[in-house]
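Here is a short briefing to read with the model open beside you. Take it one topic at a time.

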Amino acid sequence: MNNLLKELQQAAAERETRRHFLHTCSTGLGAMALSSILGGCGFFGKENGTAAVGGPSPITDNPSLPQPSQFVPKAKRVIYIHMAGSPSQLELFDYKPELIKYNGKDCPQELLEGKKFAFIRGVPKMLGPQGKFAQHGQSGAWVSDYLPHLQGVVDEISFLKAMHTDQFNHAPAQLLMHTGNARLGRPSIGSWVTYGLGTENDNLPGFVVLASGGKQPDAGKSVWGSGFLPTVYQGVQCRTDGDPVLYASDPAGISRDVRKQTIDAISQINQQQYDDVKDPEILTRIAQYELAFRMQMSVPDAMDIKSEPQYILDSYGVDPAKGSFARNCLLSRRLVERGVRFVQLFDWGWDTHGTSADGAIEIGLKNKCRESDQAVAALLNDLKQRGLLDETLVVWGGEFGRTPMQENRDGQVLPFMGRDHHLEAFTVWMAGGGVKRGFSYGETDDIGYYGVKDKTHVHDLQATILHLLGFDHAKLTYQFQGRPFRLTDVAGKVIKPILA
């Protein structure tokens, strides 16, 4: 009770601000000032560039309610699997037999002149593909023996083999991939999606994040942050060990009924403050308190895999007693079938420079593939068998590619095989949710250095994801700092050839 009184006193004090004075003074200046402030935060309409287009109106709508898309979508939800550190496309999907001929030879100067690399210095040696490639499925897709399980589901997949980016360091490249900008402060794609569409289950977050590999992505939690969007749209990271969400459990000695009464009292205080100042973050605060209360029951149920039959656990390769990438793949299926709009999986450890065994193409990359391959294939099969794949878009990829030459540092050959960061060409694939099955788009040159046909950019991928969800990426905007912002900045085009 003391805490409630303190919060009430603090709320009253916060209302006695300069903004509150301007709002309540009788000169008319307050109304003009408040109008300017609210307009800059995206408060007023959805049309003609005055407010966010495609999302809810913060003043009148519950920010978590389902929202209509701009046109009929082909996908209702997304599972985005990001392999943080970036797997080598040359060992997995982009088969380059010509590169074998150059293995061990000095890299041609024309591939080095005017280029910037994260670590390569001097003249490196070329490095042929280490995986054994073969064609699979009716589509004849090239996949290496590093991914034996994925070989069996290639006819569900559309490959983008000439993807390129603007950033060759992990953090800015991850930010660009997930927020559309290499700098901090922009909303993530999951936040844009939940802002535009809301959630189908008001007892669960619309945007859930599951991380594995022992570390967070290099860009940190900004890759699932809400940026300048209301914070109700940021990703909620769930743990696979212990309480799924920290601090969601009732405190010791507090019953659920008492907790509900507390939440109701806090919401009333927040509502009074919102009625006074119309700050959209107050609505976010109300929604988050109430969602947290509902999550106490719904999240543990969604994250509990004990009810899954043994054959499902075996298909994913899940050990029920351990958190893992495989467990996260199974959880992502459980979440989307319960109406979660956007599930983001991050798996750390795909950075293969050759400085250690864990970061070696011939050892570390194989091990990461062994940990993830079965689960990804099982996820696609599981979604398909349950009738979910047609309306669930699955995206897989890293933040950039790897070079066709072996990494060296200051002219010294590293103890293991590795490849440096490469922004000119890499592979991303998509499945389900309105993309073609068994399709490959884009080509790189004979050694996988440049995209030479049907190149696609990170912003094109983002535009395509939004399109499949029923949005024109150029019209899903939010007014901030005097202009409308969007996920794709001022670029991006839908990759129409891969659409089913």
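Which side chain does a polar contact of 2.8 Å join to that of Glu399? The partner is His82; a polar contact is a pair of N or O atoms within 3.5 Å, where, within protein, one must be able to donate a hydrogen and the other to accept it, and residues adjacent in sequence count only if both atoms are side-chain atoms. This is a predicted model, in which local features need pLDDT of at least 70 and side-chain atom pairs count only at pLDDT 80 or more, while totals for chains, interfaces and linings use all residues. Residues are numbered from 1 along each chain as its sequence is written, and side-chain values use heavy atoms, with hydrogens and water left out.

**Around Glu399**

- You will find Glu399 in the loop between β8 (392–397) and β9 (401–406); helices (H or I, at least four residues) and strands (E, at least two) are DSSP runs, numbered from the N terminus.
- Glu399 is buried but has no salt bridge, and Arg402, the nearest side chain of opposite charge, is 6.6 Å away.
- For these terms, buried means under 20% relative accessible area, exposed over 50% and partly exposed in between (1.4 Å probe, protein chains only).
- Lys and Arg count as positive and Asp and Glu as negative, while His and the chain ends are not counted.
- A polar atom of the Glu399 side chain also lies 3.2 Å from the backbone nitrogen of Gly85.

- Helix α6 (residues 170–179) packs against helix α13 (residues 458–468) at an angle of about 30°, with the axes 8 Å apart.
- Axes are lines fitted to C-alpha atoms, for helices over the stretch in contact, and angles run from 0 to 180 degrees between N-to-C directions.
- That angle makes α6 roughly parallel to α13, a label for angles under 35 degrees.
- In helix α7 (residues 189–197), nine of the nine residues are buried.
- Just after α7, Gly198 takes a positive phi of about 70°.

**Salt bridges**

- The count comes to 25 salt bridges, each a side-chain nitrogen of Lys or Arg within 4 Å of a carboxyl oxygen of Asp or Glu.
- Glu391 and Lys76 form a salt bridge (3.7 Å, N to O), and this pair links distant parts of the chain, 315 residues apart.
- Glu371 and Lys368 form another, with the closest N and O atoms 3.4 Å apart; both residues lie in helix α12, three residues apart.
- Glu407 pairs with Arg409 in a salt bridge at 2.7 Å; Glu407 counts as buried because its relative accessibility is 1%.

How values were computed
Parallel < 35°, antiparallel > 145°, perpendicular 65-115°, else oblique.
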